[in-house]
Every structure is written in structure tokens, then in C-alpha cells.
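Good morning, and thank you for making the time. I would ask you to keep the display in view while I go through selected elements one after another.

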Amino acid sequence: MSGAFRTASGGRIDRTQPILFGFDGRAMTGFRGDTLASALLANGVHLVGRSFKYHRPRGIVAAGSEEPNALVTVDRGGGRLTPNLRATQLELRRDLKATSQNRFPSLDFDIGAVNNLFSPLFSAGFYYKTFMWPASFWKHVYEPLIRSAAGLGRAPTEPDPDRYLHRYAHCDVLVIGAGPAGLAAALAAAETGARVILCDEQSEPGGSLLAETEARIEGRPAAEWAAGVARALAGQDRVTVLPRTTAFGWFPDNLIGLAERVTDHQDRPDPRLPRERLWQVRAREVVIAAGAIERPLVFPGNDRPGVMLADAGRIYANRYGVRVGDRAVIATAGDSGYRAALALLGAGATIAAIADLREDPAGAAVEAARQAGIAIRPGTAIAGSRGGHRVTEASLRRIGGSDRVERLDCDVLLMSGGFTPAVHMFSQSRGRLRFDAALQAFLPGKSAARERSAGACNGRFDLEGCLDEGFTAGAAAAKAAGCGSPRTRRFARAGAVPAPGGFLGAVPGTGKGKAFVDFQNDVTAKDLQLATREGFRSIEHVKRYTTTGMATDQGKTSNMNALAIVAGALDRPIPEVGLTTFRMPYTPVTFGTIAGASRGMLFDPLRHTPIHDWASEHGAVFEDVGNWKRARYFPRSGEDMHQAVARECTAVRMAAGMFDASTLGKIEVVGPDAATFLERMYTNAWARLAPGRLRYGLMLNEAGFIMDDGVIARLAPDRFHVTTTTGGAPGVLNHMEDYLQTEFTDLKVWLTSITEQYAVIAVQGPRAREIIAPLVEGIDLSPAAMPHMSVQTGQICGVATRLFRVSFTGELGFEINVPADHGRAVWEAVLQAGAAYGIVPYGTEAMHVLRAEKGYIIVGQETDGTVTPADAGLDWAIGKAKKDFVGKRSLSRPDIVAPGRKQLVGLLTHSPQEVLEEGAQLVADPHAEIPMRMIGHVTSSYHSAALGRSIALALVADGRSLLGQTLYVPMPDRMIAVTLVAPVFYDQEGRRLDG
Amino acid sequence: MLLIPCPHCGARPENEFRNAGEAHIARPAEADDAAWADYLYMRTNPKGVFIERWRHIHGCGRFFNCVRHTVTDRIIATYKAGDPRPSLDVLRAWSEHAR
């Protein structure tokens with residue numbers, strides 16, 4: 001059995017393929033081709049959820065993506081949990097398990113429904129009014145209460161195991177929507193040879209044609225024609241047809257985001273396919289054929305299960321073979337109600353009456369209903385409904401007549417306030433809407449992007465108009481994209497022509513009772529009127545105060561009614577009140593689709609040095625430095641970080657250590673003007689630096705603040721090997737390119753990043769020279785031939801090297817640059833050669849301690865973008881005779897030369913084993929009143945194994961004039977006394993540099 | 001995502017580029033403190049037509065100038081670094097066009 005409300009024949013379902021599914025644990029049967037909504041209705045289930053605020057029972061209202069009520073959670077097992085899916089878009093598949101939301105303990109008996117009794121508390125702006133006092137209650141009482149009571153489905157707690165992919169595409173013409181207008185547009189564009197993408201949110205192309213039973217196009221039933229056209233289009237090489245694909249967002253320059261649901265509808269999802277796919281389509285031209293959305297009527301009790309949109313009732317009958325009820329009352333403002341009545345009649349239902357707001361309804365549909373013997377009540381408004389979990393009675397009242405109401409028994413109440421053109425994508429494209437007084441609708445006005453609208457979204461509601469307008473739009477789009485013109489084509493069609501008709505706002509005579517405007521956010525007509533009484537004038541403010549149109553459906557069914565109610569309350573015309581902004585996404589998009597493959601290891605690229613694997617194999621603990629993984633220390637068994645770092649530091653000071661410095665940025669600066677360029681980019685003098693020598697380089701930004709530093713080797717008169725900080729490399733290259741391309745355009749210089757071309761192995765310590773001596777060829781390591789701050793090229797371990805003699809530890813040191821591919825082999829050779837001397841690999845933590853013992857700064861640690869060379873004690877690095885360099889002019893600005901700037905100093909805690917916290921503040925008077933005046937802060941702080949005590953570097957206002965004095969570091973539980981000292985703690989004379 | 005016409009490579013998506021601030025800010029050879037502070041920190045930030053620098057950092061690597069309308073975000077024209085700033089009349093015409 002597939003439900004008592006299934007018709008014997010008709011519809012696009014396959015009655016030979018029954019499908020078992022579950023809803024709230026109850027097993028039911030539907031057919032292939034059903035949605036969850038149509039299958040539930042076929043089983044007589046209308047109640048599918050509880051409302052957001054009042055927990056009122058709610059039923060299925062619509063048949064498409066505009067559905068505000070029927071949101072369900074689908075559990076596909078193994079962490080595959082998706083909340084807030086619209087039952088009207090969920091294709092039935094084998095073993096689909098869906099559950100209703102926002103109810104406890106069950107849908108039929110929901111404790112939260114007590115909210116409905118307290119509804120006066122929950123009027124517009126109730127958050128702001130009710131939960132004001134006491135302030136501390138908000139966080140601990142009110143908010144948790146509201147969050148647990150109100151809401152949609154629950155977010156999944158497990159990681160999503162599914163795959164999502166991104167695709168980029170270009171096309172001449174993108175057609176959004178595959179209804180009659182969209183299909184005709186795609187036909188026209190495709191005929192010109194244009195590259196066409198046709199997308200539609202439904203499971204099959206056809207749009208409104210899928211529910212047509214009367215209309216014929218080119219001699220065939222409309223749905224059959226649509227299927228044929230879609231098949232023919234999909235068969236063409238230059239056409240891509242994408243069903244189950246929602247155009248959700250419009251980005252600048254015609255970049256359209258499409259969300260394709262690839263496998264959710266499959267009984268057994270193909271593991272080779274992603275679950276969903278994000279398409280980023282750059283379209284030369286776009287045809288928007290998004291159709292229209294039917295409006296509910298706003299009357300008391302319009303939210304009872306069984307109260308539905310009229311066209312949804314027709315769609316369920318015609319497309320799904322489902323009778324949404326046995327006895328229907330229909331309330332309408334136009335022809336849609338009549339078409340629905342005829343469809344329901346055909347499906348075996350009784351029509352109690354049609355209440356038409358129009359005084360004198362006429363036209364083909366009205367006539368057909370009359371012929372069928374349906375009772376028509378002209379000039380009659382729906383006044384209310386009754387029923388618990390399902391509507392049982394509708395009451396009708398003559399407009400302008402007495403208060404007497406006619407009560408009619410029914411189990412379904414269909415309503416139609418007319419259709420709202422779906423201008424969402426047009427509006428997202430920044431096109432301007434215009435209000436059409438005759439249609440009482442906003443329509444696309446002046447375009448801002450290369451697009452055109454056709455069909456119902458453009459205010460054309462008749463089939464002939466949709467087809468012709470669609471074809472014309474498709475042809476115009478292809479032509480605008482430079483693809484020529486198609487032959488003229490007329491679509492012969494037959495069938496009823498609907499007359500427009502519609503109503504905006506609350507139906508006449510709506511008095512007491514909750515007349516809902518926004519079903520999903522539980523906003524009533526009274527809430528909107530209250531907001532205007534409280535002084536809200538702008539529709540944008542009313543929206544935020546009442547939350548109308550702010551739910552996940554973004555007011556698809558509610559915005560126009562809300563606008564009309566506000567306009568009425570303010571006594572202003574609708575276009576003057578204006579419309580709220582349409583924003584992406586058109587319907588919700590999963591995080592998975594947006595993230596695509598950028599998850600886990602692929603979230604952000606990782607950078608590994610050539611020596612990374614060795615370090616990993618030898619137990620290194622890594623730290624993140626930018627995207628790099630750097631070895632922080634190499635603990636031996638039983639060692640903690642403190643012990644490992646102390647051992648590594650001691651080895652460097654006593655014998656030798658080796659350090660992977662491959663992450664250092666490296667830029668080769670080449671050309672006849674290379675030295676002149678460096679003169680301008682760095683503070684130091686470069687012109688007279690001899691080839692074969694190194695110099696410390698200090699780079700400022702134009703404001704005079706330290707930007708980067710590094711050692712620079714002059715390899716030849718026209719060739720420099722520049723090193724930068726690890727994190728600063730891309731910024732330095734960009735900065736250099738900027739000046740080279742736009743300021744110093746007279747210079748002949750080429751810049752090349754060589755960071756990843758070289759592995760860098762620092763060998764530091766008194767035994768460094770002895771260790772590498774047997775490995776090098778063609779390099780004289782003697783102090784005379786290779787003094788501190790020199791470079792030689794030659795070979796090491798048979799590999800070409802740029803060997804620097806340089807030290808960032810204060811010890812005799814070398815930095816071996818070798819091609820990256822040989823990095824690990826050379827590293828292992830050095831380690832082997834150094835074993836007899838006690839060489840030890842050390843990590844970034846020991847490197848930091850060793851350089852701090854020497855008072856060498858780290859850019860980004862001792863500097864923060866506001867530190868000048870003078871502040872950091874680096875005046876010596878400024879070429880005094882230089883006429884200009886980047887940042888020079890700023891060094892004489894009043895603020896830069898004024899007293900009181902923070903200067904780099906050393907700190908020694910009075911208690912030698914106390915290690916300060918980096919970032920801690922310094923004060924002069926420990927007894928001062930709080931808040932104390934903070935005169936500096938700690939930038940680096942370590943335990944020094946060489947000194948047997950703690951050391952720290954700090955920036956302190958006028959610090960150099962305070963040497964020898966005591967300052968204080970306030971901590972939550974105590975005050976730490978420190979003495980200011982010069983920032984060099986170890987080997988002040990620099991004797992150890994020569995081993 | 002904007003489509004930015006690099007004067008060297010043609011139209012490419014925005015994520016290949018990096019913005020580099022207002023264009024035609026000359027680095028003064030001589031400047032008193034006020035003029036220098038002006039050069040360092042003061043930018044026009046107009047509502048309307050704005051000339052700014054972009055770098056095709058993940059493409060040809062070149063800096064170039066770009067005329068963009070800050071209200072519509074529409075790019076009106078691009079031209080090579082070093083080319084002269086468009087005249088006021090041209091800018092006004094472009095501004096009308098992009099409104």
C-alpha cells in the first residue's frame with residue numbers, strides 16, 4: 001500500500017516501484033518519483049513539524065523550495081546527519097529516514113506548545129522587552145532557555161564523512177530554471193552554438209509543466225515536451241543540463257554559484273561521486289527563468305496542518321497522484337484556486353466551496369469550475385479555521401457584509417493570494433526592481449549585470465508568453481555573448497490561459513486570532529502592526545525587529561504580504577516602503593559544499609623542509625611557523641622540553657649543534673643595478689661590500705618601522721643572495737617588486753625567490769669548522785680565507801654549495817646552502833662527521849634561547865610594526881652617508897625622534913630561576929593605584945642553560961636610560977622584581993664568533 | 001568574485017590578484033614633516049570612482065593601475081603602471097557610465 005490518498009492513476013510517479021521509508025520511526029510506503037512531502041500526504045500525514053516560537057502544529061504548505069514548515073532531519077547513518085531539509089525537495093529513496101524537528105517528546109505531544117498559551121509574551125521584539133532584567137540572567141537563564149525552546153533542527157555532532165567537490169565552468173549563456181521559459185531560452189541559445197548551462201533545482205527539468213495535465217506544446221503534452229527538449233539539449237556537446245542544481249548566489253561579474261545535489265537521491269550513493277558539488281560558473285550572459293512563488297492568504301488560523309497553497313494542492317494531485325484531502329475549502333484571490341479545485345476534483349476530492357476575494361470572478365478557469373458544479377462564493381473572504389492537528393472547519397465571511405460567517409467542514413483548506421515573481425537572483429545581481437501596479441508585484445527593472453529575466457519571474461504568467469519570452473531572451477543572450485542568432489520559432493500551444501489576480505496583505509476583516517505572515521519565524525500580522533505602532537518606519541527595521549523574512553526560507557512566501565501590511569499600517573504606497581534586500585543563498589547550502597575538498601590536511605597547504613622527514617623519524621616535536629612545520633626540539637627518551645632545550649643549547653656552546661634553517665626566505669637579486677637596489681631597500685650600505693662577503697641587512701617600511709632582517713651575501717658584483725625571516729619572505733619579495741616596478745623603474749634588477757630551491761643547514765659551535773672541514777671541496781675554511789661574515793662557493797659532500805660563515809648563536813658558525821634535493825643527504829653526512837665531536841641537532845626553541853643570550857632580535861617577536869632601528873638598538877645598521885633608502889625620511893619625523901619611545905633592554909629577575917611570561921607588562925611603582933601605568937612589556941623570556949638563570953628581553957619606555965634600575969612585572973598573584981640590563985647576556989665581547 | 005582585466009594577461013579572476021592601495025601616490029623626493037605624514041598615511045577613500053593599484057601576484061606578477069567604482073564595485077578600466085592618470089573629464093565620463 002502506498003497510502004489511502006493516492007489516486008489510481010496519473011502523475012509522474014512510478015506505481016511499479018514502491019519505496020519503504022520512515023518518518024519519526026513510522027514505516028510508510030511511497031513510489032519512485034515521490035518527494036517525502038508527497039509520500040507523507042499520500043499516507044494522510046499533514047502534521048510534520050512544530051513552529052519556531054509557539055510550537056504550533058504545522059503541516060506541509062508548499063510543493064517546492066519555498067516550503068516554510070516541513071523541515072526535517074535526515075539521518076543517512078555514520079555521522080551523515082542533515083537538519084532542516086525541506087520535505088518538498090527530498091526525493092524519496094529506499095530506506096529514507098526522516099524525523100520531525102523542534103518538538104519534545106513527540107510531534108503529537110509537544111511540551112513546548114505551552115509557549116502558545118504564553119504567546120502575548122512573544123510578540124514582536126519580545127527578546128528586547130522581556131529579557132531585559134537582571135542583566136546577568138541573559139547569559140545564564142534566558143538565553144539557554146530560549147535556545148533550547150526555539151529553533152530548527154540540531155546540528156550534527158560528528159564529522160561529515162562525505163565528499164564534496166568544486167567545479168569551475170565558463171559558458172556563454174547560463175539559464176537559471178528549466179520551466180517553459182528556461183527551456184525555450186536554452187533552445188534558442190543552443191541553436192546558435194553557444195556554450196549553454198541549464199540548471200534547475202528540481203529532480204527533472206520542466207518546472208511548472210510537470211504538473212500540467214491540459215496544456216500541449218508543439219502537439220505534445222507539456223511535460224512530455226519538456227522531457228524531450230531537455231533530452232535533446234543534454235545530448236548536445238556544448239550544452240550542460242544540471243537537474244537538482246540550485247543557483248543560490250550571484251557574485252560580481254556574472255560569477256554564479258550553483259549547488260548540485262549529486263547523490264542524496266540515490267538508493268545506494270555511488271562512492272565515486274561527491275555528495276554535493278559547488279559550481280562556480282562564469283557566464284557571459286544569464287537568462288533568469290526562476291518562475292514565481294504562490295502567496296498564502298493572511299487570515300486567523302492560516303497555519304493549521306491541512307492549510308496549503310492552492311497550487312501545491314494542484315501539483316500534488318497532477319504530478320504526484322496525491323489527493324491532499326477528501327473535502328476541500330478553497331480561498332483564493334485569482335484563478336489558481338479554481339485550477340486547484342478542478343485538479344482536486346479530478347483526484348476524487350469534494351470541493352465544499354471556493355471563496356473568491358474578487359467581487360466578480362470571470363474567465364476560463366472560473367467557467368470550468370462553474371461547469372463542474374463547484375459552489376463559488378464571490379466577494380468572500382476566509383475568516384478563520386478550526387482544528388487541532390489538522391484543519392476541520394473553515395469559516396467564510398462576505399466582504400462588506402454582516403459579521404455572519406459560513407462554517408464549512410473540510411480536511412484541507414487551499415489558499416492563493418496570487419503569485420510573487422521570483423526576483424531573488426535578479427536582485428542579487430544588483431538590478432533595480434520596479435513595482436508593477438497592475439500585477440501588484442515587484443518586477444526586474446534596470447539591469448546591473450549581463451542578464452535578462454523571462455517568464456513568470458518577469459511577470460509573464462501565461463504559457464505562450466513564457467515560451468516566447470524565454471526564446472527571445474535566450475536568443476538575445478546568445479547574441480550579446482557574440483554567438484549569432486537562432487531562427488525564429490513559435491511554440492504552438494494549447495490549454496487554458498490563466499487570468500492574473502492577487503491580493504497582498506491580511507485579508508479583509510482579519511481581527512482576532514493569529515494570522516501568520518511568516519510561518520517559519522512565527523510572525524503574525526499583529527506583530528507587524530505593533531512594530532509600526534512602536535515607531536518602526538523602515539521595512540528593514542521592521543524586518544529585524546519582528547524577524548519577518550529572516551528565517552531559512554528568507555521570506556519566500558511572506559515578504560510581499562509583510563510589506564503590504566506595513567505599508568497599510570503606515571498608510572503609504574508599497575513602492576515607497578520598499579523591499580528588503582535579497583541575499584544569497586536562495587536556499588540553504590551545506591558547509592560541506594562551500595568547503596569542498598578544503599578540509600583536514602587539505603584545509604591549508606603544509607610546507608615541509610627537505611630535512612622534515614629525518615626530523616620526524618628522529619622524534620622531533622614540531623611547531624607551526626606560518627605554513628611551515630619546524631622542528632622545535634628533539635627530546636631524548638625521558639626528556640621534557642626544558643631538559644631537551646637545555647641539552648641542545650649546551651651542546652652548541654660546548655661543542656657543536658646543527659639546525660635546519662631551510663625555512664629562511666631566500667631571494668636572489670641580480671642585475672647591473674642590484675647593489676643600488678639594495679642600497680635603497682635596506683638601511684645598510686651595499687655598494688662597497690666586496691663579493692664574497694656577507695652583511696646583516698635591516699629592512700624598513702616607508703614609515704621607518706622595522707619590517708624584516710636577514711643576512712645578505714654578495715656572490716658577484718651583480719648578484720646577491722638575500723635571506724629573509726621565515727614568515728616575512730613573501731611580503732619582502734612583494735615589497736621589493738613594488739618598489740622595483742613602480743618607484744625605482746630606472747634600475748635593471750631581477751628578483752627570484754629561491755626559498756624552496758635551497759636547503760640550509762646551520763652548523764654552530766666551537767667545533768663547527770673541524771666537523772665540516774673533511775666534507776668540503778674547493779673551499780678554504782681557514783679563518784684568514786673565510787672570516788666571520790663571508791661566503792664561498794664550492795662543494796660539500798660532492799654537492800654545489802653556497803657556504804656562509806655566519807652566526808645566529810654567537811658561536812663560530814656556518815650555514816650550508818645546498819640544492820633542496822640534497823638537503824637530507826648533506827644533513828646526515830654532517831651529523832655523521834660531527835658525531836665524534838658530540839654534535840647535536842637542535843630545534844627552533846634552542847635557536848631562540850641562543851640568540852636571546854646574544855641579544856639578537858627576532859622580527860615579529862622583539863618588533864611589532866612600531867619599532868624603529870633606534871628603538872631596537874640597531875642604529876649601527878644604518879648607512880649614515882646614504883642619501884635615501886625606504887623609511888629614511890620617516891626616521892626624522894617628530895614622533896620617531898621624540899623621547900619616551902620604547903627601547904630594547906635586557907631583564908634579569910631578582911629571583912634567578914623565575915622565568916617571566918612573554919607579553920607581561922612592566923611598571924615602575926609596584927604600589928601604584930590600579931590601573932597602573934605600564935611602561936613596557938616582555939618580548940622574549942627563557943631559561944638560559946649557559947648562564948644558569950633566566951633571561952628576558954623587553955621594550956621599555958626610555959629603557960636605555962634606566963639600566964641598573966629595578967622595575968616590576970605585576971602578575972595576578974604577585975609582583976616580580978627585575979633589573980634592567982643591556983640586552984646582551986653572553987660573551988659581550990663577541991670572542992666566541994671565531995671559535 | 002571580480003573579473004579583473006590585467007593589462008598584461010587579460011581578464012582573470014580576483015583571487016589571482018592582490019590589492020595594493022591607492023594609485024598615483026608619488027613618493028616625494030623632499031618633504032616637510034606634514035607633507036611626509038600626508039604621503040605615508042592620508043588616502044582619499046572616495047565614494048565613487050577610485051584609482052587603485054593591484055598586483056597580478058599569482059599571474060604575471062606585475063603591478064598595474066585600476067579604475068574602480070567603490071559603490072558598484074565595477075571595474076571601469078585598467079592600465080599599466082607608469083601610464084598617466086586619466087584626465088578628470090575621462091574619469092567623469094567613466095563615473096556616469098558605472099553608476
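**Sheets, cores and the chain contact**

In strand E22 of chain A, A:Ala394 is the bridge partner of A:Ser385. That pair belongs to a model that is predicted. The two strands concerned, E21(A) and E22(A), the latter covering residues 391-398, are antiparallel and share seven bridges.

They are part of an open sheet of three strands in chain A, ordered E21-E22-E23 and paired in the antiparallel sense. Strand E21 (380-387) and strand E23 (405-409) are at the edges with a single partner strand each, so one side of each has no neighbour in the sheet. On average, neighbouring strands here are turned by 25° against each other, direction ignored.

Let me turn to the parallel sheet of chain A. This open sheet has five strands in the order E17-E24-E18-E19-E20, with parallel pairing. Strand E17 (307-309) and strand E20 (376-378) are its edge strands, and each pairs on one side only. From one strand to the next, the twist averages 20°. Strand E19, residues 350-356 of chain A, is joined to E20(A) in the parallel sense by three bridges. Within that pairing, A:Pro378 of E20(A) stands opposite A:Asp356. Which helix packs on the sheet? Helix H7 of chain A, residues 310-320, does so, touching E17, strand E18 (327-332) and strand E24 (412-416). The direction of H7 makes about 120° with that of E24(A).

I come next to the nonpolar cores. The largest of them holds 175 residues, and the members that touch the most others are A:Val173, A:Ala185, A:Ala186, A:Val196, A:Leu198, A:Ile330 and A:Ile382. Helix H5 of chain A, residues 180-191, supplies the largest share of this core, with nine residues. What does A:Val196 touch, once residues up to four places away in sequence are set aside? Its contacts are A:Cys171, A:Asp172, A:Val173, A:Val175, A:Ala186, A:Ala189, A:Ala190, A:Arg238 and A:Val239. There is also a second, separate core of 100 residues, which includes A:Leu664, A:Val763, A:Cys797 and A:Tyr842.

Helix H19, residues 674-681, is mostly covered, with six of its eight residues buried. The buried residues are A:Ala674, A:Ala675, A:Phe677, A:Leu678, A:Arg680 and A:Met681.

In H20(A) itself, the buried residues include A:Ala729, A:Val732, A:Leu733, A:Met736, A:Leu740 and A:Thr742. Why can its length be called consistent with 1.5 Å a residue? The 14 residues should span 20 Å on that basis, and the end C-alpha atoms are 20 Å apart, so the two values agree.

A:Ile754 lies in the loop between strand E39 (750-753) and strand E40 (758-764) of chain A. Is A:Ile754 buried or partly exposed? It has 15 C-beta neighbours inside 10 Å and therefore counts as partly exposed. Apart from neighbours within four places in sequence, A:Ile754 is in contact with A:Lys666, A:Ile667 and A:Glu668. A:Pro819, 65 residues from A:Ile754 in sequence, is 9.9 Å from A:Ile754 in space, C-alpha to C-alpha.

I close with two hairpins, one in each chain. In chain A, strand E3 (residues 47-50) and strand E4 (residues 57-59) run antiparallel and are joined by three bridges. A:Gly59 in E4(A) is the bridge partner of A:Leu47. Six residues lie between the strands of this hairpin, and A:His55 in the turn has a positive phi of about 55°.

In chain B, five bridges join strand E5 (residues 63-69) to strand E6 (residues 75-80), again in antiparallel fashion. Here B:Cys66 stands opposite B:Thr78 in E6(B). The hairpin of E5(B) and E6(B) has five residues between the strands, and B:Asp73 takes a positive phi near 65°.

Terms used: Residues numbered from 1 in each chain as written. Chains lettered and ligands numbered in written order. Predicted model: local features only at pLDDT ≥ 70, side-chain atom pairs only at ≥ 80, totals over all residues. Pairing = 2+ DSSP bridges. Helix = DSSP H or I, 4+ residues; strand = E, 2+ residues; numbered from the N terminus. Core = buried A, V, L, I, M, F, W, Y, C linked by C-beta atoms within 7 Å. Buried ≥ 20, exposed ≤ 12 C-beta atoms within 10 Å, placed from the backbone. Contact = placed C-beta atoms within 7 Å. Axes fitted to C-alpha atoms, helices over the stretch in contact; angles between N-to-C directions. Expected span 1.5 Å × (residues − 1).
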